[in-house]
Amino acid sequence: MALKSTPCADVHAVSDGAHSVERYRFDADTRFSCSPVRVAGVFASGFEATPMQVTDRYATTEGRERVTVVPESLDDLWHLTYVVEPGDLVAGDTTRRIQRNDDDLRDSGGEREHMWVEIEVEEVEFAKFANRLRVAGVISDCSREDQLGFHHTLNVEERTEIEIEKVWKPDQNDRLEEAVEATENPDVAVATIEEGQAYIHTVAQYGTEERASISGSSGKDEDARPRSELFGELAAALARMDAEAVILAGPGFTKREALNFTEDEYPDLAAKITTVDTAGVGDRGVHEVLKRGAVDEIQTETRIAREAELIDELMERLATGAEVAYGPDGVAEAADFGAIETLLVLDERLRAERGDEGEWDIDVDRVIETAEQKGGEVTVFSGEFDPGQQLRNLGGIAALLRYRID
């Protein structure tokens with residue numbers, strides 16, 4: 001959300017978790033003269049997170065297991081998007097509008113009642129900006145028998161307990177374990193800055209997300225505002241986020257001057273900052289930061305940093321004709337030969353192929369199983385992040401090989 005350089009500019013920052021928004025108004029003639037204007041909610045004081053809870057797990061019938069989970073963050077809800085699939089059973093507490101025969105209620109469309117339902121899943125949607133996971137299907141069990149067979153949508157939010165019953169695939173078990181362990185890592189904000197422009201991104205399991213875009217003057221105009229005002233806006237936004245670590249990146253000397261300003265004005269924030277040289281800012285700059293491993297040094301085995309590294313290696317091998325396969329048929333053949341070193345598959349494509357939207361002539365689960373049995377690793381890419389988008393352009397599946405098979 002780039003801001004125009006007008007006499008009074010708006011700087012938007014969106015909080016993690018509650019997706020609250022705070023807007024800062026700035027007057028050109030008076031430094032920091034305008035107070036923050038509350039738009040909605042409360043800006044998050046931090047990114048405190050606790051691991052997703054798995055509170056119960058037991059076998060049912062026909063190879064199925066029933067697992068009770070409590071997602072604690074937006075990341076957890078995103079992980080569950082690729083665990084829950086059509087045909088699964090999902091149960092939890094909800095509200096449902098009940099039609100009654102009472103004449104006083106007939107025209108109002110009924111009233112909502114709290115109840116427990118179990119649905120056979122038909123659709124799953126990660127509603128990131130609504131902070132929820134929507135699971136829709138037909139009610140197969142319910143605390144009210146007269147509601148059996150109706151369609152219903154469970155809105156799963158943070159700290160909502162649900163039960164999931166399914167035949168669990170190895171990569172889904174891995175993802176569940178990853179969600180339980182991931183929030184032990186420190187939270188990282190990546191700020192990229194160049195002359196006249198700054199961006200703030202957060203690093204999450206589902207990808208990176210732009211949280212703020214701050215425009216300033218290039219310093220070339222006669223009436224230009226001091227550069228320190230851009231630095232001040234950036235530092236103030238970062239301080240309110242209270243991330244455990246901050247990476248400050250960008251080309252040239254602007255980031256060093258921004259750090260010097262922060263050391264003087266926000267010493268506690270400055271102590272959290274690591275600087276990285278990048279050629280670009282914004283999304284491009286964040287990709288460079290991830291590629292250089294800067295986040296990995298702070299956040300142990302960051303998922304998307306690994307994806308950026310793998311996709312860069314894949315593209316390099318493609319450019320040189322080295323050991324690589326892409327597309328469903330080529331990758332399936334490589335799996336049969338036992339040649340796969342690392343299998344790369346896009347999460348949304350994996351979900352589609354396991355459901356009714358599949359387009360491939362291969363059994364993706366058999367390919368994954370074969371690759372793992374023959375010593376290969378499997379990485380499921382997030383479609384929310386640039387490496388996943390690059391993998392989508394290659395058909396949604398590729399592999400780094402031990403040797404060429406053509």
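Here are a few notes on this structure, going from the overall picture to some salt bridges.

1. A word on the model first. It is predicted, so to speak: local features need pLDDT of at least 70, side-chain atom pairs count only at pLDDT 80 or more, and totals for chains, interfaces and linings use all residues. Residues are numbered from 1 along each chain as its sequence is written, and side-chain values use heavy atoms, with hydrogens and water left out.

2. The protein's secondary structure comprises 13 helices and 19 strands. Both are DSSP runs numbered from the N terminus: helices are H or I with at least four residues, strands are E with at least two.

3. How much of the protein is buried? Of its 406 residues, 52% fall in that class. Buried here means under 20% relative accessible area, exposed means over 50%, and partly exposed is in between (1.4 Å probe, protein chains only). The exposed surface comes to about 19,300 Å², and carbon and sulfur atoms supply 43% of it. Those areas come from the Shrake-Rupley method with a 1.4 Å probe; for residues, only the protein chains shown count as cover.

4. Now for contacts, meaning heavy atoms within 4.5 Å. Taking contacts with a separation of 6 or more, 66% of them are between residues 24 or more positions apart.

5. The structure has 28 salt bridges. The term covers a side-chain nitrogen of Lys or Arg within 4 Å of a carboxyl oxygen of Asp or Glu. Look for the network of them that links Arg64, Arg66, Glu118, Glu163 and Glu165.

6. Which residue forms a salt bridge with glutamate 163? That's arginine 66, with the closest N and O atoms 2.8 Å apart. Glutamate 163 sits in strand S10 (residues 162–166) and arginine 66 in strand S5 (residues 65–70), so this pair ties together parts that are 97 residues apart in sequence. Glutamate 163 and arginine 66 are both buried.

7. Arginine 66 also meets glutamate 165 in a salt bridge, at 2.5 Å from N to O. Here again distant parts of the chain are linked: glutamate 165 is in strand S10 and arginine 66 in strand S5, 99 residues apart. Glutamate 165 has a relative accessible area of 10%, so it counts as buried; arginine 66, at 6%, is buried as well.

8. Are they buried or exposed? Glutamate 353 and arginine 349 are both buried.
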